[in-house]
Amino acid sequence: MTMLASLLTPSPLLTTASSTSSSAASSQQPPSAPQSANVRFPAPRPLTTTLAAAAAAGLLLLSSVAPLHAEAEFKTYYGTAASAANYGGYGGNASKKDAAEYVYDVPEGWKERLVSKVEKGTNGTDSEFFNPRKRSEREYLTFLSGFRKLAPVGAVLDNLALSDVGLQDQISSADEVTSAERKGEDGQVYYEYEVAGAGAHSLISVTCARNKLYAHFVTAPNPEWGRDEAVLRRLHQSFKTVDFSGQD
């Protein structure tokens with residue numbers, strides 16, 4: 001706007017004749033004659049030059065502002081789903097990638113929250129990451145031992161809510177809860193849930209493998225959901241258990 005305004009404002013180069021010349025001219029004219037000012041206009045700038053200058057200024061302004069929808073980058077998290085008794089047991093030369101039971105994507109810049117041994121033993125939380133700009137925008141995984149196959153799709157979500165008060169509240173106040181079943185490339189069956197609540201939105205993926213039930217959660221307050229939906233759905237879809245063929 002500043003540049004466009006300057007293009008519309010008279011240039012300071014617009015000058016009238018000097019006061020001396022003006023007074024001289026007035027002395028040569030009859031008193032009743034109308035006074036006229038001699039004005040010198042600067043040579044007009046070509047339209048293409050003006051437009052090019054305005055465009056260059058616009059590019060300078062835009063270059064100082066980061067893109068609103070920059071392409072996000074991700075890293076892969078390898079989860080071991082170790083029991084509380086074996087918590088912290090992967091040290092030395094052991095590789096979490098080699099011992100992984102599940103994987104999911106994490107956006108670059110998200111922080112990992114250290115899960116305590118007590119928390120792992122009580123509610124089965126195995127891993128968790130959060131957006132440092134808004135800690136309630138997060139993804140995490142819980143697991144429970146002793147499950148060889150999935151129960152009916154409705155029963156699974158209800159049972160998960162029994163150990164997650166936040167999920168209970170979200171489901172009870174939800175505008176919509178949807179569920180679906182899908183199969184991975186290796187034939188693994190996953191239950192998919194989407195909970196659209198009054199204050200938050202959650203995507204949940206549940207499966208059974210190696211006598212364990214794994215539940216992967218992606219959740220965010222509604223303002224963050226509206227901003228980051230594409231990224232959050234990417235996280236949800238990235239979860240899968242490691243192929244155990246020939247390992248059992």
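Student: How many aromatic pairs does the structure hold?

Tutor: It holds 10 aromatic pairs. Rings of Phe, Tyr and Trp (its six-membered ring) pair if their centres lie within 6.5 Å. Planes under 30 degrees apart count as stacked, over 60 as edge-to-face and the rest as tilted. This is a predicted model: local features need pLDDT of at least 70, side-chain atom pairs count only at pLDDT 80 or more, and totals for chains, interfaces and linings use all residues. Residues are numbered from 1 along each chain as its sequence is written, and side-chain values use heavy atoms, leaving out hydrogens and water.

Student: Why is the pair of Tyr 77 and Tyr 104 called tilted?

Tutor: The ring centres of Tyr 77 and Tyr 104 are 5.3 Å apart and the planes are at 35 degrees, so the pair is tilted. Tyr 77 sits in strand β3 (residues 74–79) and Tyr 104 in strand β4, 27 residues apart. Strands (E, at least two residues) and helices (H or I, at least four) are DSSP runs, numbered from the N terminus.

Student: Are those two buried or exposed?

Tutor: Tyr 77 and Tyr 104 are both buried. Buried means under 20% relative accessible area, exposed over 50%, partly exposed in between (1.4 Å probe, protein chains only).

Student: Which aromatic cluster are they in?

Tutor: One cluster holds Tyr 77, Tyr 102, Tyr 104, Phe 129, Tyr 190, Tyr 214 and Phe 239.

Student: New topic. Which residues touch the most other members in the largest nonpolar core?

Tutor: Tyr 102, Tyr 104, Leu 141, Tyr 214, Leu 232 and Phe 239, out of 19 residues. A nonpolar core is a set of buried Ala, Val, Leu, Ile, Met, Phe, Trp, Tyr and Cys residues joined through side-chain atoms within 4.5 Å.

Student: Which elements supply at least two residues each?

Tutor: Among them are β4 (102–107), β7 (134–145) and α8 (222–238).

Student: Where is the kink in α8?

Tutor: The kink is centred on Asp 228 and is about 85 degrees. That bend is the angle between axes fitted to the seven residues ending there and the seven starting there.

Student: How many bridges join β6 to β7?

Tutor: Six bridges join β6 (residues 125–131) to β7. Asn 131 stands opposite Lys 134 in β7.

Note on methods
Two strands pair if DSSP finds at least two bridges between them.
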